[in-house]
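Here is a brief report on a single protein chain. Please read it alongside the sequence and the model.

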Amino acid sequence: MIYQSHDATTVNRPRLLPWSNPDGNPCWLVSDGGGNSHLARAADHVESIQLDMAEELLDHAADLLGEGEGEGDDRVTERQLRFLAARLTEALHDVHRIARSRGDRLPVPAGDDDEPADAEIQTGAGQ
C-alpha cells in the first residue's frame, strides 16, 4: 500500500491531547504539522509519563495477583482489588486516548481518504 507523505500539501489533522478541559471535554491541537511546538512537546511528555505509569501499574497488578515475578499476596482484600481496578481503568483510558491520538495522525493510504479501513470487508471486495 502506498501512503501519502507528510509534506506541505498534506492536510493536517488535529491532535487529540492527553488531557481534557475543566468540563471534561477533549482538547485538540491544530498545528502546521511540524509537531515541534511547545504544546506538542508538552503533550509528548505527558503521554510518555502516562505510558510509563500504565506499565508500572501493570507490573504492580501482576505482582499483587501473583502473576509477576513476585509470589503474589494471598491476603489481597476486596478494597485493594477495587482500588487496583480503578487505577487500571484510568490507565487504560489514558493509553486508549494516546492510541486514538496517534492513530488519527497516521498517514491515510492513497485513494482511501473517505473510506473506512474495513471497507473491503463491508463490501465483500477481494473475496
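Arginine 87 is partly exposed, at a relative accessible area of 26%. Buried means under 20% relative accessible area, exposed over 50%, and partly exposed in between (1.4 Å probe, protein chains only). Arginine 87 pairs with glutamate 90 in a salt bridge, 2.8 Å from N to O. The term requires a side-chain nitrogen of Lys or Arg within 4 Å of a carboxyl oxygen of Asp or Glu. Glutamate 90 is partly exposed too, at 41%.

Arginine 82 and glutamate 78 form another salt bridge, at 3.0 Å from N to O. Both lie in helix H2, 4 residues apart, again about one turn. Arginine 82 is exposed at 57%, and glutamate 78 is exposed at 53%.

## Basis of the model

This is a predicted model: local features need pLDDT of at least 70, side-chain atom pairs count only at pLDDT 80 or more, and totals for chains, interfaces and linings use all residues. Residues are numbered from 1 along each chain as its sequence is written, and side-chain values use heavy atoms, with hydrogens and water left out.

## Fold and burial

The protein chain has 3 helices and 2 strands. Their order along the sequence is β-β-α-α-α. Helices (H or I, at least four residues) and strands (E, at least two) are DSSP runs, numbered from the N terminus. Of the 127 residues, 19% are buried.

The largest nonpolar core holds 6 residues: Ala54, Leu57, Ala61, Leu64, Leu84 and Ala91. Such a core joins buried Ala, Val, Leu, Ile, Met, Phe, Trp, Tyr and Cys residues through side-chain atoms within 4.5 Å. H1 and helix H2 (78-104) each give two or more residues to this core. H1 gives the most, with 4 residues.

## A bridge between E1 and H1

The whole structure has 5 salt bridges. In one of them, arginine 15 meets aspartate 44, with the closest N and O atoms 2.7 Å apart. Arginine 15 lies in strand E1 (residues 15-20) and aspartate 44 in helix H1, so the pair ties together parts 29 residues apart in sequence. Arginine 15 is buried at 6% relative accessibility, whereas aspartate 44 is partly exposed at 35%. A salt-bridge network links Arg15, Asp44, Glu47 and Arg102.
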